[in-house]
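Colleague: Could you walk me through this one? I have not looked at it before.

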Amino acid sequence: MIAPSNPGNAASAAVTAAAAAATATAAATTSSGTRLADSSDATQRIGGQPSQPTPAPARDGDPRVQLLEGVYPTFVPRNPGIQDGVWNARDADMVRAVLLGMDLPSLEQLAEHYGQPRFRAKQLLEGVLKGAHSVEEISTIPKQWRAQLLADGVRTGRSLLHHSVGDEDGTRKFLLQLHDGRIIETVGIPTEDRLTVCVSSQVGCPMRCTFCATGKGGFARNLSAHEVLDQVLTVHEQFGRRVSNVVFMGMGEPLLNLPNVIRAYHGLNQDIGIGGAFITISTVGVPNAIARLAAAKLKATLAVSLHAPNQALRETIIPSAKAYPLEALMDDCSSYFRATGRRVTFEYTLLSGVNDEKAHAEELTALLRRYSLMSHVNIIPWNPVDESEFKRPSRNRVYAFKQAVEAAGLPCTVRETRGLEAAAACGQLRNQFQKQPLPQFEVPL
Ligand SMILES: C[S@@+](CC[C@H](N)C(=O)[O-])C[C@H]1O[C@@H](n2cnc3c(N)ncnc32)[C@H](O)[C@@H]1O
Ligand code: SF4
């Protein structure tokens, strides 16, 4: 593991400033021009309660990562404040409750708080999973209680469908408007026997990879677990079909939002019924985070966005690589494999004339073989992004690269480009609709 490039305090101060900037600009504008209040203000006023300061999230581990995770509050997290089996929830937590993503014990405590029998907790959960967008629509619970929950500002956690586009190959991209007016992208990718959802983990992304439309669009905040689950429920509803796979390959860097990603994983697994092996978490690399992911003992597949076989080239396309050198990243992948026994996938976005030479393929396979990770290479031909100087490689070039990787004995696939991706790379559609530019700032990794 590398040493931090910035002393902790300086890094913390920088990220705190970034967090404050994100919060200060949290008021957003809808497509119709209506200005929406920052949701933290809105929740503080719910139910006529006096303004309450939002509780600071717990910060264990690396403060550089933790501070970004805490950019935005998670309302009632899974197992909130449970210590020795007792939930020390305050009334203020109740009025901020979001049902989606709460686990059964927490929902039971919510029911008890209102003097309702425990079995009502299951009715709340099932109501939301079956498509209730508002507490009012959960018809299995008493009408009077519904009114009370509504008055207290208890939300289901569902977003508004803002816009959607479809392609003839069946892929559909959805823009979802969140509680605070911000917009995220989610994609449903159907095949005969699968429906995969490509979920976002953040509003924007602070990593600023040079070839990525999301990276160019700035960063606002982390998503809460319920905002990830909502994306999957939306795709399920829109396609009228069971979701089989979830990939964290939409907007954002999941390992900068690890607690919420882990909570979302458990919700996907336990509430929505998606097997852990059918969930993929993709990362460009965040110091200390891969070890924390290993410690969470998920069955998900780890996909690492490598995109270059050496440090010098990687730094030119991924700014955060300067703070997290390739060797340290590979050491962490190796430790992850030893700790979990799970194969790591390496993603390689192929950029014409930048990283697509045969020599790059050979260097890549030599690197992966050195770490003997049972790795698998997934080539992603670059999808054009407006105002970008990169070029998409030709089909011949893509398959020549694949052949060179396979010739060295490593399994390699090419990610099929669906029509929509070719027309609008990840993050680009959202950039067109998020009228208010998001702040740009450095992640002091
Ligand atoms: C959007 S990122 C999200 C997950 C995570 N932040 C990461 O970088 O792995 C998912 C994958 O999409 C790739 N990607 C981003 N923009 C792309 C583009 N315009 N064309 C092809 N792949 C792209 C990234 O390199 C990454 O491997
Ligand atoms: S590729 Fe991933 S890490 Fe890089 S800017 Fe895009 S979303 Fe963020």
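Colleague: How many of the 15 residues of H9 are buried?

Modeller: In H9, 11 of the 15 residues are buried, so this helix is largely enclosed by the rest of the structure. Buried here requires 20 or more other C-beta atoms within 10 Å of the residue's own, exposed means 12 or fewer, and partly exposed lies in between, with C-beta atoms placed from the backbone. Helices (H or I, at least four residues) and strands (E, at least two) are DSSP runs numbered from the N terminus. Please keep in mind that this is a predicted model, in which local features need pLDDT of at least 70 and side-chain atom pairs count only at pLDDT 80 or more, while totals for chains, interfaces and linings use all residues. Residues are numbered from 1 along each chain as its sequence is written, and chains are lettered from A and ligands numbered from 1 in the order in which they are written.

Colleague: What do the buried residues of H9 pack against?

Modeller: They pack against strands S5 (160–166), S6 (172–177), S7 (183–190), S8 (195–198) and S11 (245–248), and also against helix H10, where a contact is a pair of residues whose C-beta atoms, placed from the backbone, lie within 7 Å. Among the buried residues of H9 are His-226, Asp-230, Leu-233 and Val-235.

Colleague: And what comes after H9?

Modeller: H9 is followed by Gly-240, which has a positive phi near 60 degrees.

Colleague: You mentioned H10, so how many of its residues are buried?

Modeller: H10 is mostly covered, with 11 of its 14 residues buried, including Pro-259, Arg-263, Tyr-265 and Asp-271. H10 covers residues 258–271 and reaches 19 Å from its first C-alpha to its last, close to the 20 Å expected at 1.5 Å a residue, the expected span being 1.5 Å times one less than the number of residues. Just after H10, Gly-273 takes a positive phi of about 85 degrees.

Colleague: Switching topic, which residues surround ligand 2?

Modeller: The shell around ligand 2 includes Cys-205, Cys-209 and Cys-212, along with Met-207, Arg-208 and Glu-253, where a residue is near a molecule if its C-beta atom, placed from the backbone, lies within 6 Å of it. By class, the shell has 5 nonpolar, 3 polar and 2 charged residues; Ala, Val, Leu, Ile, Met, Phe, Trp, Tyr, Cys and Pro count as nonpolar, Asp, Glu, Lys and Arg as charged, and the others, Gly among them, as polar.

Colleague: At what angle do H5 and H6 pack?

Modeller: Helix H5 (residues 104–113) and helix H6 (residues 119–129) pack at about 115 degrees with their axes 8 Å apart, the axes being lines fitted to C-alpha atoms over the stretch in contact, and angles running from 0 to 180 degrees between N-to-C directions. On the H5 side the contact is made by Leu-104, Leu-107, Glu-108 and Ala-111, and on the H6 side by Arg-120, Ala-121, Leu-124 and Leu-125. Those residues divide into 6 nonpolar, no polar and 2 charged.

Colleague: Is Lys-143 buried or exposed?

Modeller: Lys-143 counts as exposed, because it has 9 C-beta neighbours inside 10 Å. Lys-143 lies in helix H7 (residues 143–151), and its C-alpha atom is separated by 37 Å from that of Asn-257, 114 residues apart along the chain.

Colleague: Finally, how many helices and strands does the protein have?

Modeller: The protein has 17 helices and 16 strands, and 48% of its 445 residues count as buried.

How values were computed
Contact = placed C-beta atoms within 7 Å.
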